[in-house]
Amino acid sequence: MKVAEAVGRALYAAGVGQVFGVVGSGNFHLTNAMVAAGARFVAARHEGGAATMADAYARVSGTVAALSVHQGPGLTNAMTGIAEAAKSRSPLLVLAAEVTEPRSNFHIDQEALARAVGAIPLRITSGEHAVQQACAAVERALHERRTVLLNVPLRTQDLDVPEGALAQAAPPRERTPVEPSPDDVTALARVLGQARRPLFVAGRGARSPGGRAALEALAERHGALLATSAVARGLFHGNPWSLDVSGGFSSPLTAELIEAADTIVGWGCALNMWTMRHGRLIGADTTVVQVDDDASALGAHREVWLGVTGDVELTARRALEASGGGAREGYRTADVAGAVAARVRLRDVPYEDTSGRERIDPRTLTIALDDILPAERVIGVDSGNFMGYPSMYLSVPDENGMCFTQAFQAIGLGLATAIGAALARPDRLAVAALGDGGAMMGAAELDTVRRLGLPMVVVVYNDDAYGAEVHHFGPDGHPLDTVEFPPTDIAAVARGYGFEAVTVRTRTDLKAVEDWVGGPRSVPLLVDAKVTRDRGSWWLEEAFRGH
């Protein structure tokens, strides 16, 4: 057996069952070996889309997904998606063919490229060690929650592996949760016991199967309010003390309550500039605590009074055990309860509807879609001025209801994000929320949606511009010709790919979406929403205050 086949079969045996990519000569045999072993391969139309599909699949499924690319340009085409995955600590395995001869037109320093975006570069070096090295790459991706580039040189792919080598291939051992130190647990319990208005902010690190229950029990004991970062939105869905998302996306009430907290505990949450509005959500006298199983993350974005190295669920349970007495009122007063019930959701905040005959207010659009679309949904969101509306005005059923690929803030990833999430959660309606700029960048993957038969809804917030730049530079009188475009009939583009499509200018036009939801959903639907463009979104104003 050759290395290419052995590596492909070993990766499947190690638990990598989903592969995305674009196949060329260099990764042909390796990819086919994975498929022959039992893996599912999804062919994207561009490596950039494949990378983001794999990233989203890994995030939503909680498993290691693979991306398979050709040497050289196949890898460089995928680098934006790989950078997003690496910055987000997604357990992603990138399988790249590699040429080692500098005179080849395909030659680049693929190791350096991986390091430049924060991925871990590894290599298959011989037939003798190929299976072991492939399995080790999977284990690193899973245990370290990292994006790993596994280079498979062309010359090495054609080497023989020893007979019986595949017997070494097996799923990696379970990741052992990090146990917090008793002293740190005691200190955390003491801080919470003294807090009058405690607040928990949960991030990606809290999205374990038992993370929600552990945090809710500890919060109830100390009277803490609950919030999440954007990537963990939905973790506390349905809890009456949930403030939804902390940061630039927050409703006015959420921001007000966070600012008034005297103790903020970040649970698997970086407490970065987005989640804390460049630090403005933290009061001058607020005690800040951070819990993370990666010690290097503690205090990385802001100074903390106490940093606890430990698994979120374990730490919360240990802190509950160390907390004496019964439940305290804390921040859970009757006044706060009434305010949260009435005004914490942005869709419940009054606004002036700027809709007209030609364009619809994005808030009006998204609230209507929230009512029309099934509650069991998974949302992929692109980047841009529009993105706060689908992120906050569309409800999600749990922490797997939104896949937020925004660590790199790249435009054009939203459609591929929704495809990966849809394949990870086929039991839910996938919704891709895009701006017109990102929709046109990723339009090739409309073919992938149709080819896979995904009953997806693609919503395009179409303002005929890169709205973030329009609203950032326009008020100062700068010319905007470089960021504005003639009107584009994106609905017609979608029909060309085999979608049903509707152009929405008023609330009445959404009747077509209602009909699609109530019908067989045999083909995907694209909504080309002509949205108002008179002002920037609330979250964009917050974001640019820090620039």
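**Close-up views of a predicted model**

**View 1. Strands β4 and β6 in a parallel sheet.** In this predicted model, strand β4 (residues 92-98) is paired with strand β6 (residues 147-153) in the parallel sense, through 7 bridges. Within this pairing, E98 has P153 of β6 as its bridge partner. Both strands belong to an open sheet of 6 strands with parallel pairing, in which the order is β2-β1-β3-β4-β6-β5. The edges of this sheet are formed by β2 (40-43) and β5 (120-123), each of which pairs on one side only. On average, and with direction ignored, neighbouring strands of the sheet are turned by 25 degrees against each other.

**View 2. Helix α5 between the sheet and helix α3.** Helix α5 lies across β3 (65-69), β4 and β6, and its direction runs at about 135 degrees to β6. Helix α5 (residues 79-87) also packs with helix α3 (residues 47-61), at an angle of about 25 degrees and with the two axes 8 Å apart. Angles under 35 degrees count as roughly parallel, and α3 and α5 are therefore described as roughly parallel to each other. Where the two helices meet, α3 contributes A51, T52, D55 and R59, while α5 contributes G81, I82, E84 and A85. The residues of this contact divide into 3 nonpolar, 2 polar and 3 charged.

**View 3. The sheet that runs from β9 to β12.** A further view shows an open sheet of 6 strands with parallel pairing, in the order β9-β8-β7-β10-β11-β12. Its edge strands are β9 and β12, each of which pairs on one side only. Neighbouring strands of this sheet are turned against each other by 15 degrees on average, direction ignored. Helix α9 (residues 182-194) packs on the sheet, where it touches β7, β10, β11 and β12, and its direction makes about 135 degrees with that of β12.

View 4. Strand β12 (residues 306-309) presents L306 and V308 on a covered face, whereas G307 and T309 lie on an uncovered one.

**View 5. Buried residues of helices α11 and α16.** In helix α11 (residues 252-259), the residues L253, T254, A255, L257 and I258 are buried. The elements that cover these buried residues include the strands β7 (198-202), β8 (225-228), β9 (242-245) and β10 (263-267), together with helix α13 (334-343). In helix α16 (residues 414-424), 11 of the 11 residues are buried, so this helix is largely enclosed by the rest of the structure. Among the buried residues of α16 are G414, L415, T417, I419 and L423.

**View 6. N385 and its contacts.** The residue N385 is located in the loop between β13 (377-381) and α15 (388-393). With a relative accessible area of 9%, N385 is buried. Leaving aside residues up to four places away in sequence, N385 touches G467, A468, H471, R535, G536, S537, W539 and L540.

**View 7. Two loop residues with positive phi.** H278, which is found in the loop between β10 and β11, has a phi near 55 degrees, a positive value in a residue other than glycine. H278 is partly exposed, with a relative accessible area of 25%. Q409, in the loop between β14 (402-403) and α16, likewise has a positive phi of about 55 degrees although it is not a glycine. The relative accessible area of Q409 is 38%, and this residue is partly exposed.

View 8. A search of the whole structure finds 0 disulfides. The sulfur of C403 has its closest cysteine sulfur in C269, at 17 Å, which is too far for a bond. C403 counts as buried, at 2% relative accessibility. C135 also counts as buried, with a relative accessibility of 13%.

Methods:
Residues are numbered from 1 along each chain as its sequence is written. This is a predicted model: local features need pLDDT of at least 70, side-chain atom pairs count only at pLDDT 80 or more; totals for chains, interfaces and linings use all residues. Side-chain values use heavy atoms; hydrogens and water are left out. Buried means under 20% relative accessible area, exposed over 50%, partly exposed in between (1.4 Å probe, protein chains only). Helices (H or I, at least four residues) and strands (E, at least two) are DSSP runs, numbered from the N terminus. Axes are lines fitted to C-alpha atoms, for helices over the stretch in contact, and angles run from 0 to 180 degrees between N-to-C directions. Angles under 35 degrees count as roughly parallel, over 145 as roughly antiparallel, 65 to 115 as roughly perpendicular and the rest as oblique. Contact means heavy atoms within 4.5 Å. Ala, Val, Leu, Ile, Met, Phe, Trp, Tyr, Cys and Pro count as nonpolar, Asp, Glu, Lys and Arg as charged, and the others, Gly among them, as polar. Two strands pair if DSSP finds at least two bridges between them. A disulfide is a pair of cysteine sulfur atoms within 2.5 Å.
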